[in-house]
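Subject: Structure handover, pockets

Hello,

Here is the structure for your pocket work. My notes follow below it.

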Amino acid sequence: MANPLDEFIQDHRLDRESGISIVSEEDISQLRSTGYSVEDLLDHLNEHYQSLLHGSRTEFNNHLKPNEEGRVFSTDSGAIALLKAVISNELPFPGLKYPYFIDGRNPLVVKIHGINDETIGEKGFVYVLNQRQGFTNDPTGSWQYIKRGETPIAARIPVKRSDFAYPIIDVTNSRIIQ
């Protein structure tokens, strides 16, 4: 019997090299009903299909455009992709703080300095990137991958704030948000 995550990936063509698959909120609800989380799906895509991920609250079509420095950032971590999909990094310094290297000694905890009403959104998107060529793991061994230039999107997956299940701390107001 096939793994339900592999079936979902095949049914929605998340493993494609060209073109873009648009996953609906209903598709994700169906996945959740099988007992799998969005993070399970994202990590499975990375581990078994070598996909990279990009989280954003912005809806893109076909390609991710580089930032002002000409770079596109991605990750091999479902948790980081979900973080980036729902939490804005447009904050005054020092902004968001979380580890580049996540393990038992360095768990994922997000600390927000200068939080405002727009910092944490209710919805966002994770983009699946199946063309890894040109990406560099920087810093080496971290979850972060960087590439110069436009990057084709293989799939767009809608996500909710509740998909990000890690602690969030509002440092400015000394309170735990989640």
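A pocket here is an open set of grid points with protein on both sides within 12 Å along at least five of seven lines. Its volume is the space filled by probe spheres set on those points. Note that this is a predicted model.

By that definition, the second largest pocket has a volume of about 150 Å³. Its lining comprises Val23, Ser24, Glu25, Ile28, Arg32, Lys123, Gly124, Phe125, Arg156, Pro158, Val159 and Lys160. Strand 11 supplies the largest share, four residues. By type, the lining splits into five nonpolar, two polar and five charged residues.

Now the largest pocket. Its volume is about 1,000 Å³. The lining counts 35 residues, and His54, Gly55, Phe73, Lys84 and Asn89 lie nearest the centre. Two or more lining residues come from each of strand 2 (52-56), strand 4 (71-75), helix 4 (78-86) and strand 5 (96-97). Which element gives the largest share of this lining? Strand 4 does, with five residues.

Best wishes

Methods: Residues numbered from 1 in each chain as written. Predicted model: local features only at pLDDT ≥ 70, side-chain atom pairs only at ≥ 80, totals over all residues. Heavy atoms only, no water. 1 Å grid on protein atoms, 1.4 Å probe; cavity = no way out; pocket = protein on both sides within 12 Å on 5 of 7 lines; lining within 4 Å. Nonpolar A, V, L, I, M, F, W, Y, C, P; charged D, E, K, R; others polar.
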